[in-house]
Amino acid sequence: MEYRDRVIADPQIMLGKPIIKGTRITIELILQKLAQKLEIEEILSSYPNLNKEDIYAALAYSAHVIGQEEMLNQSSPKRSPQFH
């Protein structure tokens, strides 16, 4: 999935947070809804400007961003992961 056609960040919209192009719906919001165990259809029902490809683009974008991060404390398996 090529998220770059659907996910943008504009400092003038939502303080520059990544959003779905043409909306003010942040990637963060979509991930929060999925983490709350909402089904994709429930999210689409609540946000009619979205479609399934937007949800998949949010996931692809998030996977890309996380894939670019470095692991912290790899030598300490007993410690909880640190998030920044």
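**Salt bridges, core and polar contacts in a predicted model**

A search of the whole structure finds four salt bridges, a salt bridge being a side-chain nitrogen of Lys or Arg within 4 Å of a carboxyl oxygen of Asp or Glu. The model is predicted, and local features therefore need pLDDT of at least 70, side-chain atom pairs count only at pLDDT 80 or more, and totals for chains, interfaces and linings use all residues. Residues are numbered from 1 along each chain as its sequence is written, and side-chain values use heavy atoms, with hydrogens and water left out.

The protein contains three helices and two strands, which follow one another from the N terminus in the order β-β-α-α-α; helices (H or I, at least four residues) and strands (E, at least two) are DSSP runs, numbered from the N terminus. Of its 84 residues, 21% count as buried, where buried means under 20% relative accessible area, exposed over 50%, and partly exposed in between (1.4 Å probe, protein chains only). Among the contacts in the protein with a separation of 6 or more, 35% involve residues 24 or more positions apart, a contact being heavy atoms within 4.5 Å.

Side chains of opposite charge can pair when their charged atoms come close. One of the salt bridges joins K17 and E28, with 2.7 Å from N to O; because K17 lies in the loop between β1 and β2 and E28 in helix α1, this pair ties together parts that are eleven residues apart in sequence. K17 is partly exposed at 37% relative accessibility, and E28 is partly exposed with a relative accessible area of 38%. A further salt bridge is formed by E41 and K52, whose closest N and O atoms are 3.3 Å apart, and this pair links distant parts of the chain, with E41 in helix α2 and K52 in helix α3, eleven residues apart. E41 counts as partly exposed at 48% relative accessibility, as does K52 at 39%. In the salt bridge between E2 and R4, the closest N and O atoms are 3.3 Å apart; E2 is partly exposed at 42% relative accessibility, and R4 is partly exposed at 49%.

The largest nonpolar core comprises 13 residues, of which V7, I20, I27, I30, L44, L50 and I55 touch the most other members; such a core is a set of buried Ala, Val, Leu, Ile, Met, Phe, Trp, Tyr and Cys residues joined through side-chain atoms within 4.5 Å. Each of the helices α1 (27-35), α2 (40-46) and α3 (52-68) supplies at least two residues of this core. With neighbours within four places in sequence left aside, I55 is in contact with I30, L34, I40, I43, L44 and L50.

D54, placed in helix α3, counts as buried at 5% relative accessibility, and its side chain is joined to that of R6 by a polar contact of 2.7 Å. A polar contact is a pair of N or O atoms within 3.5 Å, of which, within protein, one must be able to donate a hydrogen and the other to accept it, while residues adjacent in sequence count only if both atoms are side-chain atoms. Beyond its neighbours within four places in sequence, D54 is in contact with R6, I20 and N49. S62, which also lies in helix α3, is buried with a relative accessible area of 12%; the side chain of S62 reaches the backbone oxygen of A58 at 2.8 Å, and S62 touches I27 and L31 when residues up to four places away in sequence are not counted.

The whole structure holds one aromatic pair, under the criterion that rings of Phe, Tyr and Trp (its six-membered ring) pair if their centres lie within 6.5 Å, with planes under 30 degrees apart counted as stacked, over 60 as edge-to-face and the rest as tilted. The pair consists of Y3 and Y61 in an edge-to-face arrangement, at 5.4 Å centre to centre and with 75 degrees between the planes. This pair links distant parts of the chain, with Y3 in the segment before β1 and Y61 in helix α3, 58 residues apart. Y3 counts as buried at 9% relative accessibility, whereas Y61 counts as partly exposed at 22%.
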